[in-house]
Amino acid sequence: MEVDSFLIAPFLGQHDWETIMYTNILPPIFRKPPGRPKKVRKKQHGEPMNSTKLSKKGYIMTCSKCLKEGHNVRSCKGLMHPRSKLINKKKNVILLL
Ligand SMILES: [Zn+2]
């Protein structure tokens, strides 16, 4: 392969280091930020708050009673739709009684 065609010469020690005109290069000044360090990373825009659960944002709820969109069965004031799955549930309850 072409990658293996040339050899990278290894440094054997400090004496192989290149000398430059700057001397006494110091590490940057360390400043301790005030306050307790954060344990939880700040979420990026659009990143879900909980990665194990999917967001319901943009989800159009459908009523299981009247099968209309925009509300659910708890706030439903409409009539029972003939194809609603709640009809079968009620029938079962009646049969058990
Ligand atoms: Zn409804």
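Is Cys66 buried or exposed? Cys66 is buried, at a relative accessible area of 6%. Buried means under 20% relative accessible area, exposed over 50%, and partly exposed in between (1.4 Å probe, protein chains only).

## Basis of the model

This is a predicted model: local features need pLDDT of at least 70, side-chain atom pairs count only at pLDDT 80 or more, and totals for chains, interfaces and linings use all residues. Residues are numbered from 1 along each chain as its sequence is written, and side-chain values use heavy atoms, with hydrogens and water left out.

## Overall fold

Helices (H or I, at least four residues) and strands (E, at least two) are DSSP runs, numbered from the N terminus. Helix α1 spans 85-96.

Of the 97 residues in the protein chain, 5% count as buried. The chain exposes about 11,100 Å², and carbon and sulfur atoms supply 60% of that area. Accessible areas come from the Shrake-Rupley method with a 1.4 Å probe; for residues, only the protein chains shown count as cover. Take contacts between residues at least 6 apart in sequence: 0% of them join residues at least 24 apart. Contact means heavy atoms within 4.5 Å.

## Zinc site

Four residues coordinate the zinc ion: Cys63 (SG), Cys66 (SG), His71 (NE2) and Cys76 (SG), at 2.1 to 2.4 Å. Donors are N, O and S atoms within 2.8 Å of the metal (3.2 Å for Na, K and Ca); water is not among the atoms, so sites may look incomplete. Along the chain, the donors follow the spacing C-x2-C-x4-H-x4-C. The angles among the four donor atoms run from 101 to 114°, and the site is tetrahedral.

Cys63 counts as buried because its relative accessibility is 1%. His71 sits in the segment before α1. Leaving aside neighbours within four places in sequence, His71 contacts Met61, Thr62, Cys63, Cys66 and Cys76. The C-alpha atoms of His71 and Met61 are 6.0 Å apart, with the two residues 10 apart along the chain.

Leu67 lies in the segment before α1. Its phi is near 60°, a positive value in a residue other than glycine. Most residues other than glycine have a negative phi. At 36% relative accessibility, Leu67 is partly exposed.

Ser84 is also found in the segment before α1. At 3% relative accessibility, Ser84 counts as buried. Not counting residues up to four places away in sequence, Ser84 touches Ser64, Lys65 and Leu67.

## Surface patch and salt bridge

Ile20, Met21, Tyr22 and Ile25 form a nonpolar surface patch, with about 540 Å² of accessible area together. Patches are made of residues with over 30% relative accessible area and no salt bridge: like charges are joined within 9 Å, nonpolar side chains (Val, Leu, Ile, Met, Phe, Trp, Tyr) within 5 Å. Ile20 is in the segment before α1. With a relative accessible area of 52%, Ile20 is exposed.

A search of the whole structure finds one salt bridge, defined as a side-chain nitrogen of Lys or Arg within 4 Å of a carboxyl oxygen of Asp or Glu. Glu47 pairs with Arg41, and their closest N and O atoms are 2.9 Å apart. Glu47 is partly exposed, at 29% relative accessibility, whereas Arg41 is exposed, at 54%.

How values were computed. Tetrahedral: all angles 85-135°; square planar, octahedral: opposite > 155°, others 65-115°.
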